[in-house]
Amino acid sequence: MALAGEAAADNITGMLRSVIRFTGLFLLVLSLTVVARADELLWKAGVAKTIITPAEGLWMAGYGSRTAPAQGKAMELWLKVLALEDAEARRAVIVTSDLLGFPQSIYSNLCAAVKTRFDLNPEQLMFSASHTHSGPVLRGALYDIYPLDDTQLARIEAYSARLETQVLETIEQALADLSPAQLAAGQGHTAFAVNRRNNPEGSVPQLIAEGKLQGPVDHTVPVLAVRQPDGRLKAILCGYACHNTVLSFNQWAGDYAGFAQTALEQSHPGAQAMFFMGCGGDQNPLPRRELALAERYGRMLAAAVEEVLLAPWSLLPAKLVTRMEMVPLRLGAAPTEAELETLQTDSSVFTRRWATRLLAELRAGETFIREYPFPVQVWKLGNRQWLFTLGGEPVVDYALKFKQEFGEQAWVAGYCNDVMTYLPSRRVLREDIPPLANPRWGYEGSYAFIVYGLPAHRWAEDVEDRVTDAVRGLVAQVNQAE
Ligand SMILES: [Zn+2]
């Protein structure tokens with residue numbers, strides 16, 4: 001009896017356990033159904049990442065003042081991919097990287113190869129660079145500002161070709177990893193970006209203390225969280241509008257964005273943290289030039305992201321629309337032969353190299369380009385989250401303008417697909433036409449053209465209008481497609 005009783009008790013306990021297990025499962029399913037609507041559960045996401053730290057002493061990108069190639073690394077440089085697929089199997093691929101910017105030749109090669117191998121169009125591809133100034137020089141980018149010999153040029157070419165292969169391999173891995181996921185979008189805040197045109201760098205600590213920093217900034221931190229169906233984080237994509245220029249030493253580093261991603265990946269084991277640059281063309285992390293500051297700003301950015309991840313989130317329906325236009329942006333007046341002859345003896349070595357090169361091209365009968373195909377993308381994730389991408393180095397005015405027009409849900413990434421020079425607003429373009437009213441002006445709207453090697457001193461007057469019209473047109477196309 002005792003034995004039978006024990007058996008009966010065991011049976012009852014077993015039945016109860018089954019009921020509890022079933023009820024628990026039912027409640028789990030119920031809670032997921034409550035939290036996520038059916039169309040929010042139909043995303044697929046895949047991730048992959050590759051170390052792209054150069055193996056040997058390549059020249060470093062971004063500053064013309066360096067006198068020697070890289071020596072060692074402070075941290076690895078990464079290439080990371082997030083592949084997304086919506087409920088109707090429409091795909092998009094986000095590539096982020098610890099690079100200064102993808103130059104046109106690499107962008108074109110990648111688009112062609114991705115089309116052939118994965119049947120994805122350029123509108124579905126976002127190639128983003130963090131704009132770290134502690135990464136490698138890439139093929140054809142900013143050659144006038146570095147003293148490159150043939151050995152260096154060969155190394156740059158070899159690295160660039162290998163990078164193209166690595167991008168394709170990483171995209172392939174991310175696509176192979178596509179599996180059910182949920183997406184949520186949120187926005188945080190951190191304030192270490194300073195408008196560099198309106199605040200003298202040496203005075204910034206004092207201006208911060210006095211609350212007297214000037215000029216427009218965008219301190220928002222967009223966050224896209226990608227979770228597995230069980231709630232575990234799979235990827236965190238965050239952005240910030242500020243140059244990755246804390247560091248200027250000769251070691252490879254992802255700067256503050258590198259530290260931020262490391263902190264997030266340590267905090268969320270198994271998740272892949274990714275960073276995209278916002279419209280930070282005129283924004284610097286100030287004060288700067290110390291490794292400890294890069295780490296501090298990285299932690300500040302990571303903390304802003306963590307706050308967003310802790311807050312209640314609403315899921316995005318599994319719907320993805322991607323559109324793109326290569327906008328022909330007109331260049332300002334081309335330099336004349338007489339002007340180039342004069343500039344061959346300019347005090348700036350960049351200007352001398354630029355003038356000498358252009359003069360040779362002119363005398364060889366070549367004609368200068370008058371327009372540049374400028375990439376503009378508009379994506380919509382779910383029913384409300386916009387992601388706009390612009391090529392080049394857009395100043396902060398673009399983000400502020402598009403947020404005003406399309407709401408806080410409009411994220412604007414710069415430094416995407418092709419970084420050919422700065423993208424000034426009309427305000428900055430005009431401020432940078434001599435005579436300059438401020439000694440810190442003149443770069444983003446003008447001199448950057450020489451630094452980047454383009455055959456003009458600035459974009460044409462209508463640059464902001466053309467980019468704005470393109471964004472509006474693409475938004476209309478996306479809305480029509482819904
Ligand atoms: Zn820059």
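## Domains and their interface

Domain bounds here come from an automatic or database domain assignment, and on that basis the protein chain is divided into domain 1 (38-322 + 376-413) and domain 2 (323-371 + 420-481). The centres of domain 1 and domain 2, taken over C-alpha atoms, are separated by 24 Å. This is a predicted model, in which local features need pLDDT of at least 70 and side-chain atom pairs count only at pLDDT 80 or more, whereas totals for chains, interfaces and linings use all residues. Residues are numbered from 1 along each chain as its sequence is written.

The contact between the domains takes 29 residues from domain 1 and 29 residues from domain 2, two residues being in contact if their C-beta atoms, placed from the backbone, lie within 7 Å. On the side of domain 1 that touches domain 2, at least two residues each are supplied by strand S11 (320-330), strand S12 (371-381), strand S13 (385-390), strand S14 (393-394) and helix H9 (397-406); helices (H or I, at least four residues) and strands (E, at least two) are DSSP runs, numbered from the N terminus. The residues of that side divide into 15 nonpolar, seven polar and seven charged, where Ala, Val, Leu, Ile, Met, Phe, Trp, Tyr, Cys and Pro count as nonpolar, Asp, Glu, Lys and Arg as charged, and the others, Gly among them, as polar.

## Val-475 in helix H12

Val-475 is found in helix H12 (residues 463-481). Val-475 is partly exposed because 19 other C-beta atoms lie within 10 Å, the class between buried (20 or more) and exposed (12 or fewer). Leaving aside neighbours within four places in sequence, Val-475 is in contact with Val-378 and Phe-406. Thr-322 lies 153 residues from Val-475 in sequence, yet their C-alpha atoms are 9.8 Å apart in space.

## The largest nonpolar core

A nonpolar core is a set of buried Ala, Val, Leu, Ile, Met, Phe, Trp, Tyr and Cys residues joined through C-beta atoms within 7 Å. The largest has 141 residues, of which Leu-82, Ile-236, Leu-301, Val-305, Phe-388 and Val-412 touch the most other members. Helix H6 (residues 291-310) gives this core its largest share, nine residues, and both domain 1 and domain 2 contribute at least three residues each.

Not counting residues up to four places away in sequence, Leu-82 touches Ala-45, Val-47, Ile-94, Ala-174, Val-226, Ala-235, Leu-237 and Met-274.
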